[in-house]
Each structure stands twice: as C-alpha cells, then as structure tokens.
Amino acid sequence: MKYLAGMFLFLSLHALAGPKLYVFDCGRVSMDSMDMFNITESESTVRELFVPCYLIKHEKGLLLWDAGLPKTVADAHGPAPFEGGTMIYDRWIVDQLADMGITPAAITHTAFSHLHFDHAGAANALAANTVIMQRTEWDSAFEKGHEFVDTTLFDGLKQAKLNLIDGDYDVFGDGSVRLIYAPGHTPGHQVLLLQLGNFGPLLLSGDLYHTQANRKLRRAPRFNYNAEQTFASMGKVEQLLATTGATLWIEHDKELADTLRKAPDYYD
C-alpha cells in the first residue's frame, strides 16, 4: 500500500510539473464585414476578433507565442481606424509582462504562428531571444506583395538568434511544447501543440482558423497565401486533434477568449 501511495504521489507530482500557459489580451479588431475571411453576412454574426499573446513557462525556459498588435495601436489610447474596421489595444504586451516582473530579455524563446502585423507587433522588442521560425516563413518575409505584412515590425529579427526550422519541431525536447507546420495562410504558418499536466493537450490555432465558421464550413480566407496548402493543413491539424484528443483554441475567437483566465492567472 505504501508503495502504491508513493507511486501515486510521484505520478501526481510528475503530471503537475509540466509547462504553464499564460494568456494575454493583445488587442481586438472590429470588422465592418467578414468578407475577407470568406464568410457571408448570413453565415456568422461575428464581427470582432480577439488578438492574443501567450507565454509558456517551461523548466527549460520561457516561450512567447505570437506578439499581438503593434505598439502604435496601444499608444493611440482608443480605437485606431484601418480600412474595413477599427483596432483597439489597451496595454502593450511588454508592459503587461513587466507587471509580472518579466523583461523581454528574460524570454528565452519566441515563436510566431506567422508574421502578419497582428501577430508580430512586438517582434523587434524580442530580438535578443532565440526566435524559432519556419524557414519558408523567413525566406518570404521581406518579399513584396504579401498582404497584412509590415516588415518594420520584425526587421530587428535579422539580428536575433534565428533557429530556422523545416517542419514540426519539439521546442524543449520533451514533447510538451511542439510547433506544428501548417502552411497556407502564409508560406510558413505554424500552430502550437501543448501538453499541460492538468488541462491536458491544447492546440493554439494561429490563423489556421479565424472563426468557428471558418472551421465548420472549411472555408479559407480570400487573402490566404495558398488555399490548397490551407486545406491540407486543416486536414493535418484535424487529424492531430483526433489522435491526441487535444482541445482547440481558435486564437481570434473572442467569444472563447472572453471565457479564458488571463495572466497573471495561468493554465497548467
């Protein structure tokens, strides 16, 4: 009995020793129409998108996943207009991290689902970190013609410790934090699969899906880099969800975001 009790305690402590996930509000985007996402007025009532940043605390380091809207939006101190809607950002992610005693230099790893402006807003502030990037994303990053890309937000990464990867990647080597290659939205788009001790497996979608309607209808936004790749990535990720039993968080889903605990609270 003592052996079984000890083993139970060991397994319980081992399960609790996994990474912690912190969720940050890094802005909201209000859309006049969802047409660019290939969703009609009658197919969804969603008009507001959440913009998250996530911090993963692992015993081997800190990973920031996605970096929110640009600081200029936060500095506007109110709705910032753009063609097709408005953006609002209450507090820049660097300031939110400072509230927790975390400086950009303390973040050991940074990874982006992709380099659109609403995911790379604080990229330059993280140039001292190891940046894990799909090679296909970086190779195309400074090409002309990509929509929703502002290279001034991430040109500082040229001086970062770039870890260019080709495909799926185990960040800390223990299977708890895995980048999954899912191109199509951009050339090197990726999603993040976490294994949390209490919550269980969790997949952060990047922009594979923007809304529940995009997933339900299997609908790719009109501005995606490659629709065929997008559908292949959808198939890959859906199979991964089925195999792992992971929960899917669609990052831009504001209805979901409103239910999530925000930092300094966390999921483990």
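This is a predicted model: local features need pLDDT of at least 70, side-chain atom pairs count only at pLDDT 80 or more; totals for chains, interfaces and linings use all residues.
Residues are numbered from 1 along each chain as its sequence is written, and side-chain values use heavy atoms, with hydrogens and water left out.

Start with the disulfide. A search of the whole structure finds one, where a disulfide is a pair of cysteine sulfur atoms within 2.5 Å. The sulfur atoms of Cys-26 and Cys-53 are 2.1 Å apart. Strands (E, at least two residues) and helices (H or I, at least four) are DSSP runs, numbered from the N terminus. Cys-26 is buried at 0% relative accessibility. Cys-53 is buried too, at 0%. Buried means under 20% relative accessible area, exposed over 50%, and partly exposed in between (1.4 Å probe, protein chains only).

Two strands pair if DSSP finds at least two bridges between them. β1 pairs with strand β5 (residues 85-88) in the antiparallel sense, over four bridges. Val-29 stands opposite Met-87 in β5.

Now the rings. The structure holds eight aromatic pairs. Rings of Phe, Tyr and Trp (its six-membered ring) pair if their centres lie within 6.5 Å; planes under 30 degrees apart count as stacked, over 60 as edge-to-face and the rest as tilted. Tyr-22 and Tyr-266 form a tilted pair, 5.5 Å centre to centre, with 55° between the planes. Tyr-22 lies in β1 (residues 20-31) and Tyr-266 in the segment after α7 (254-257), so the pair ties together parts that are 244 residues apart in sequence. Tyr-22 is buried at 8%, whereas Tyr-266 is partly exposed at 29%. Trp-249 and Tyr-267 form an edge-to-face pair, 5.2 Å centre to centre and 75° between the planes. Trp-249 sits in strand β13 (residues 247-249) and Tyr-267 in the segment after α7, 18 residues apart. Trp-249 is buried at 4%. Tyr-267 is buried at 7%. Elsewhere, Phe-37, Phe-148 and Phe-223 form one aromatic cluster.

Charges also meet rings. A charge sits over a ring if NZ of Lys or CZ of Arg is within 6 Å of the ring centre and within 35 degrees of the ring normal. Lys-71 lies over the face of Trp-92, 5.3 Å from the ring centre. The charged end of Lys-158 sits over the ring of Phe-142, 4.5 Å from its centre.

Finish at Asn-124. This residue is found in the loop between β6 (109-111) and β7 (130-134). Asn-124 is partly exposed, at 31% relative accessibility. Leaving aside neighbours within four places in sequence, its contacts include Thr-152, Phe-154 and Leu-157, contact meaning heavy atoms within 4.5 Å. The C-alpha atoms of Asn-124 and Ala-160 are separated by 9.1 Å, with the two residues 36 apart along the chain.
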